[in-house]
Amino acid sequence: RTQRDGLPALPSAYPDEFFEDLTLFLPHLEVAKFAGGEPFLVRGHHVVWDLLIDGGHRPEVSVVTNGTQWNDRIASVVDHLSMKVVVSVDSVDRDRFEAIRVGARFDEVIAHLDHFVEVAREVEISHCLMRDTWSGFPDLLRFADDRGLGVNVSTVMEPEAQSLHRLPIDDLRAVVDGLRRRTPILA
């Protein structure tokens, strides 16, 4: 909001009292999932992670990230909490990736992905299969396989202009045929 739209930051939805109250529940926490936006940029997430680490609590923690953030602090948190990290990767073609993820740099995100592999309990790729990405899907699968990473595939329904689900049947057949030509094992 502040950088993209030049608007003032919104007030935090979670005042300090929220985190004080949260400490009562953390010893009983079994699973914690952080997603939406870029979790490693959210101050409140870092507060929760610090409370977990300082309290010696070790729930199963997972984070879905766009992979644009990496520093020593992130490495330490991921390592201490033995996080599962899911990195969103739209394409392994640099130009297509950067056209979809405006402002993100492909080489940086891939370097961060490799750093996560070094310190996380588990790393997976999350991929939105859509009109702009289907042709590169086999390359993405090879990329993930070369790194020993699983791939979660999301079905894109909206916006309609990107949804494979909403393609006319002949266009969808062309997608399927294109994938079969690129990946003979699917034929």
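Tutor: Contact here means heavy atoms within 4.5 Å. The model is a predicted one, in which local features need pLDDT of at least 70 and side-chain atom pairs count only at pLDDT 80 or more, whereas totals for chains, interfaces and linings use all residues. Residues are numbered from 1 along each chain as its sequence is written, and side-chain values use heavy atoms, with hydrogens and water left out.

Student: Leaving aside neighbours within four places in sequence, with which residues is Met83 in contact?

Tutor: Once those neighbours within four places are set aside, the partners of Met83 include Phe40 and Trp49.

Student: Which residues touch the most other members of the largest nonpolar core?

Tutor: A nonpolar core is a set of buried Ala, Val, Leu, Ile, Met, Phe, Trp, Tyr and Cys residues joined through side-chain atoms within 4.5 Å, where buried means under 20% relative accessible area with a 1.4 Å probe and protein chains only. The largest such core holds 40 residues, and those that touch the most other members are Trp49 and Met83.

Student: Which helix gives the most to this core?

Tutor: Helices are DSSP runs of H or I with at least four residues, strands are E runs of at least two, and both are numbered from the N terminus. The protein has 7 helices and 5 strands. With 5 residues, the helix that gives the most to this core is α5 (residues 106-119).

Student: What is the volume of the largest pocket?

Tutor: On a 1 Å grid over the protein atoms alone, a pocket is an open set of points where a 1.4 Å probe fits, with protein on both sides within 12 Å along at least five of seven lines, and lining residues have an atom within 4 Å of a point. A volume is the space filled by probe spheres set on the points, which are joined across faces, edges and corners. For the largest pocket, that volume is about 890 Å³.

Student: Which element gives the most to the lining of the largest pocket?

Tutor: Of the 23 lining residues, the closest to the centre are Leu10, Glu38, Leu41, Val42 and Arg43. Two or more residues come from each of α1 (16-22) and α2 (43-54). With 4 residues, the element that gives the most is α2.

Technical notes: Buried means under 20% relative accessible area, exposed over 50%, partly exposed in between (1.4 Å probe, protein chains only).
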